[in-house]
Amino acid sequence: MMPLARRIVRNRLAAFGAGLLLTVTCLCLATPFLGLVDPNIINTADRFTMPFDEGYILGADHLGRDILSRLLWGTRLSLAVGLTAALIAALAGSLIGIAAGFFGGRVDALLMRSVDVLMAFPYILLALAIVAVLGPGLMNALIAVAVVNVPFFARNVRGMTLVIARSDFIAAARLSGRGNLSLLLFEVLPNLWAVIIVAFSTTVGWMILETAGLSFLGLGSQPPQSDLGSMLGEARAALITNPHTSLIPGLMIFVIVMGINLLGDGMRDALDPRLSKGGLQRSRPVTEIDRSKPPAPSRQPGLHLSGLCTEFRVGSSPLLAVRNVTLGLAPGECLAIVGESGSGKSVTALSVMGLVASPPAVITAGTVSYGGRDLLAQTYDVLRGLRGHRIAYIFQDPLNSLHPMLTVGEQLTEAMQSHEAGLSSDRLRERATKLLEDVRIANPAHVLASYPHMLSGGMRQRISIAMALANDPDVIIADEPTTALDVTVQAQVLKILDRLRREKGVGLVFISHDLNVVAQISDRIAVMYAGQIVENGPSRDVLDDPAHPYTRALLACSPQIGMAAGLPKPIGGSLPPADNLPAGCTFAARCSLASKACRALPVDLVISDEREVRCIKWEPAHG
Ligand code: ADP
Ligand code: MG
């Protein structure tokens, strides 16, 4: 089954809605073949016959017409009209929205202002006015309902088209010489389907109700033709005396609209999982902590992690992203954490300050000691005081971590003010300038007045570093700060970080997937694999004499000038899934040295002198 259909079926309510609709649709399709009596034959002698009486399964109405026959024929008509109106509204609205969003400028202004005019009238009044002008009749009711629903589609689709039309992949397609039509059909439209279908499925029920409403008022289907709305309208007079005449069509409307809405909600959740229950949950300000007996915090200066475990509680078995990580960072030291993407480096770094999003993250064990305190036991206010003040972060993507609407100067001063109130604006400006000079920006005055998008990637990364430095932190955690940069800028950024650490004694946790980069700056290297530290030691030792097969593989796959062995060798295979880790060594599946013993039991970290290695084949130099 297609994944979408499977997701809908898995959602019980949506499946129930689909079942209801399917039943009604089958009944409608089969109506002509059921041998029902003519729905319009009047038989006054049988007026208001009750259901199951005298050959009338659902009874007869005020003119003695067979309700079952009228109901099924009426449902056919109501569904056909409602669906057609919805299709027309969706088609017209989407076309308007796509044209407005894609071409922008005058086209957009013209189309959207016309739509605004439609939206300026109350919904039902507009429909009534249209029918009043065109005259009553089912066709005119259809047109009215379609017209009043066009703005809804146009607005939704325009918004989405605006975003898509300005994204990079459209620019790339345009550069490859594609025309507007081809872009619209093959690039924009496929990205809009989900929005259009979601909008359609959530409004079609409403449109069937509106058509019924117009018929109820006598403006839709005209006697003797029955549709659900007119059946209700005609039965209104006998609502108290013979309720079955109105209950039956009412129930049918209820079933149809509920079926459509349940299915529509299910489809929306399946197409856009972020909107489903819990998907848009706000994360807490601090990562959830659920640990039994944490080790006492260390009294040593610097930052120390001990036995840290962080997992993501999603699905049936938790994703163990960080498992029993112990690391230490002395003041002024640079500790590198390396490992391929997904090995748990970022989650480790974010756990330090409780910055991993909860739900779904939970810290299940360990301590983070800083200044003799356990950071994981602190209240949110204490942590907030430390975040960015004593322990600062630099993130990988400098464009996403800077605010697009504020100038560099405003962001830098905000970073300072949030931890130190009452600085004069002259003093703030002076300090911001000094910070930019510290990160080797040549014309600070100009850069302070610029917005992030006006600056180059390297410049923006330097600004993120300057922001991290704004409050003279003791520790900076830099999560792949140079990954987005080219090699020359990367070298400059490394130099800046290294100098800061030497001059200001800042402790630096430097996360990277590239051993070549960390070789230039780190004192110690910790290698992570599948959430665990597999090797940890002084940089020179780890680089010159890698002990773990994974470290060796990482070294072999990072290119170096004048590499003896020629091209870098990629590591075959991939990380084991974090919710289904192997019993033994997690690297065994990709390791050429692996034996049966490796796969049997979890491998402990062996500590000898300054080195820690998680490999049973490792023999420490001095026993
Ligand atoms: P990296 O070493 O590349 O920084 P991460 O620390 O970001 O790796 O991720 C470690 C593991 O945690 C990965 O298996 C990833 O799939 C998982 N993970 C990260 N964030 C989430 C999240 N919000 N929900 C579920 N799993 C996550
Ligand atoms: Mg990462």
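This is a predicted model: local features need pLDDT of at least 70, side-chain atom pairs count only at pLDDT 80 or more; totals for chains, interfaces and linings use all residues.
The chain contains 21 helices and 13 strands, and a few of its residues are worth a visit.

**Overall shape and surface**

- Along its principal axes, the C-alpha trace of the chain spans about 110 × 60 × 50 Å.
- The radius of gyration of the chain is 34 Å, whereas a compact globule of 623 residues would have one near 25 Å.
- Of the 623 residues, 48% count as buried.
- The accessible surface of the chain comes to about 30300 Å², and 62% of that belongs to carbon and sulfur atoms.
- Take the contacts between residues at least 6 apart in sequence: 68% of them join residues at least 24 apart.

**A visit to Ser 450**

- You will find Ser 450 in the loop between α15 (444–448) and α16 (457–469).
- Ser 450 counts as buried because its relative accessibility is 1%, and buried means under 20%.
- A polar atom of the Ser 450 side chain lies 2.8 Å from the backbone oxygen of His 446.
- Leaving aside residues up to four places away in sequence, Ser 450 touches Thr 407, Val 408 and Leu 455.

**A visit to Trp 193**

- Trp 193 belongs to helix α8, which covers residues 180–216.
- Is Trp 193 buried or partly exposed? With a relative accessibility of 47%, Trp 193 counts as partly exposed.
- Trp 193 and Val 157 are 36 residues apart in sequence, and their C-alpha atoms are 9.6 Å apart in space.

**Backbone details to look for**

- As background, most residues other than glycine have a negative phi, and most peptide bonds are trans.
- Which residues does a cis peptide bond join? The bond links Pro 223 and Pro 224, with omega at about 5 degrees.
- Pro 224 sits in the loop between α8 and α9 (228–235).
- Phe 48 is not a glycine, yet its phi is positive, near 55 degrees. Look for Phe 48 in the loop between α2 (12–30) and α3 (67–103).
- Arg 440 also has a positive phi, about 60 degrees, although it is not a glycine. Arg 440 is located in the loop between α14 (425–438) and α15.

How values were computed
Residues are numbered from 1 along each chain as its sequence is written. Chains are lettered from A and ligands numbered from 1 in the order in which they are written. Side-chain values use heavy atoms; hydrogens and water are left out. Helices (H or I, at least four residues) and strands (E, at least two) are DSSP runs, numbered from the N terminus. The radius of gyration is taken over C-alpha atoms; the globule rule is 2.2 Å times the number of residues to the power 0.38. Buried means under 20% relative accessible area, exposed over 50%, partly exposed in between (1.4 Å probe, protein chains only). Contact means heavy atoms within 4.5 Å. Accessible areas come from the Shrake-Rupley method with a 1.4 Å probe; for residues, only the protein chains shown count as cover. A polar contact is a pair of N or O atoms within 3.5 Å; within protein, one must be able to donate a hydrogen and the other to accept it, and residues adjacent in sequence count only if both atoms are side-chain atoms.
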